[in-house]
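Here is a model to look at together.

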Amino acid sequence: MGALSVEYPVTVALARAAGTLPAGPGWWYEPKLDGDRAVVWRRDTVRVQTRSGRDATAAWIDVATAAMDLPADTVLDGEAVIWRNGKTDFGAVRSRASARGRRLADLIHRYPASYVAFDCLMLRGRDLRGRPYTERRAALLDVLEPLGPPLQTVPATDNIEVARVWFEVLPEQGIEGIVAKQASGTYRPDRSWRKVRTAETVDAAVVGYTGPATRPKQIAVQLPDGRRVLSQTLTAPLSAEVSRYVAVAGPGKRADTAGGEPYTAIDAAGIVVEVAAGTTRHAVVTVTRIR
C-alpha cells in the first residue's frame with residue numbers, strides 16, 4: 001500500500017472557548033461528549049491516536065477492533081466515551097486510559113467503550129481536510145451509518161434553537177457543552193471551532209508537582225492570569241498519567257507558588273490541564289483532566 005495522504009500522527013483541530021453560542025448563517029452545532037479525544041486510523045490494521053499524538057490503541061482496543069470494519073485508508077476524529085447508567089463516565093475513561101496489564105483487561109471487560117466520531121479526515125485514501133465541514137460530515141455519515149455501535153456519529157444541527165435545547169438538557173447525559181463549526185470551514189490545526197461549556201473551566205499550564213515523581217500528589221499550574229498555584233490532591237488515574245509526563249521532563253528544581261507553597265518545578269513542554277474555574281480565586285484548584 002502506498003503512503004497515505006494524511007500523515008501519522010495528525011495535528012488535531014481544536015476549539016476556542018466562547019461565552020455564548022455563535023449565531024447566524026453557516027454555523028453548525030454538535031454536543032461535546034465527556035470522553036478522550038481519539039483519532040482512529042484504519043490502515044492494514046487500526047491505530048488509535050490521542051490528542052497529543054500518542055498511540056493509545058491498547059487502551060481502546062475494543063474501539064480499534066470495531067474500526068476494522070471501516071474502509072481501508074480512512075481516518076476519523078472523535079471521542080472515546082464510556083456509557084454508564086445512561087450517561088458518559090469520564091472517571092471510567094481516565095481509568096481505562098491510565099491502566100495497564102490485567103487491570104486494563106478487566107476494565108475493558110467491565111466498561112466497554114464507544115467511539116463518537118465528529119469528523120472524517122480521510123476516506124478511502126482521499127484527504128478531506130481541505131473540504132468544507134458539511135462535505136466531511138456527509139462522508140462521515142456515509143461511512144458509519146452501515147456499521148452502527150460502538151462506532152457512531154455525533155448529532156449535529158444548523159438550528160441554534162435545537163443547540164440551545166441540547167445545552168440545557170443534555171448535561172444530564174454527560175455532555176461538556178456545545179461545539180460550533182462553520183459549514184464552509186476546513187479542518188485546520190487551529191482553534192477555529194468554538195466551544196461553550198456547561199460548566200466553567202479554564203486551561204492551565206503544568207509547571208511542577210508535589211510528592212514523589214512516580215506518584216505525584218498535586219500538580220503546580222500556571223493559570224491564565226499568571227498565578228502559579230497547587231491543585232487539589234490528584235485522583236489515582238490522574239496521578240498515574242501525570243507521572244508519565246514527569247518522567248519525560250526529568251528532575252527539576254525546588255520552587256514556590258505565590259502563596260509560598262513548595263513544589264518541584266519541571267518543563268512540561270506545553271502540557272495543559274483543565275481546571276474548575278470556580279476555584280481559581282483561591283490558592284487551590286481542581287484538575288478535571290489533562291488536555
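What follows is a friendly set of questions and answers on the terms used for this chain.

Q: How do you know which features to trust here, and how are residues counted?
A: This is a predicted model, in which local features need pLDDT of at least 70 and side-chain atom pairs count only at pLDDT 80 or more, while totals for chains, interfaces and linings use all residues. Residues are numbered from 1 along each chain as its sequence is written, and side-chain values use heavy atoms, with hydrogens and water left out.

Q: How many helices and strands are in the protein chain?
A: There are six helices and 20 strands. Helices are DSSP runs of H or I with at least four residues, strands are runs of E with at least two, and both are numbered from the N terminus.

Q: What makes the protein chain as compact as a globular protein of its length?
A: Its radius of gyration is 19 Å, close to the 19 Å that the globule rule gives for 291 residues, so the chain is as compact as a globular protein of that length. The radius is taken over C-alpha atoms, and the rule is 2.2 Å times the number of residues to the power 0.38. Along the principal axes, the C-alpha atoms fill a box of roughly 55 × 45 × 40 Å.

Q: Why is cysteine 120 called buried?
A: Buried means under 20% relative accessible area, exposed means over 50%, and partly exposed is in between (1.4 Å probe, protein chains only). Cysteine 120 has a value of 0%, so it is buried. This residue belongs to strand β8 (residues 114–123). Across the protein chain, buried residues make up 51% of the 291 residues.

Q: Which residues is cysteine 120 in contact with, leaving aside its neighbours within four places in sequence?
A: Its partners are Val75, Leu76, Leu128, Arg136, Ala139 and Leu140. Contact here means heavy atoms within 4.5 Å.

Q: Why does glutamate 241 count as buried?
A: Its relative accessibility is 5%, so glutamate 241 counts as buried. Glutamate 241 sits in helix α6 (residues 236–249). Not counting residues up to four places away in sequence, glutamate 241 touches Arg94 and Ile290.

Q: Why is proline 262 called partly exposed?
A: With a relative accessible area of 42%, proline 262 falls in the intermediate class, so it is partly exposed. Proline 262 is part of strand β17 (residues 262–265). Its contacts, leaving aside neighbours within four places in sequence, are Thr210, Leu230, Arg254, Ala255 and Asp256. Proline 262 is also 54 residues from glycine 208 in sequence, with 9.7 Å between their C-alpha atoms.

Q: How do you know that β14 and β15 pair?
A: Two strands pair if DSSP finds at least two bridges between them. Strand β14 (residues 218–222) and strand β15 (residues 228–231) are joined by three bridges and run antiparallel. Valine 221 has valine 229 as its bridge partner in β15, and glutamine 222 has arginine 228. Five residues lie between the strands of this hairpin, where glycine 226 takes a positive phi near 100°.

Q: How do you know that β13 pairs with β14?
A: Strand β13 (residues 201–210) and β14 share five bridges in the antiparallel sense. Glycine 208 has alanine 220 as its bridge partner in β14.

Q: What makes β14 largely enclosed by the rest of the structure?
A: Four of its five residues are buried, so β14 is largely enclosed.

Q: Which peptide bonds are cis, going into proline 9 and proline 150?
A: The bond from tyrosine 8 to proline 9 is cis, with omega near -10°. The bond from proline 149 to proline 150 is also cis, with omega near 10°. Proline 9 is in the segment before β1 (15–17), and proline 150 is in the loop between α4 (133–144) and β10 (151–153).
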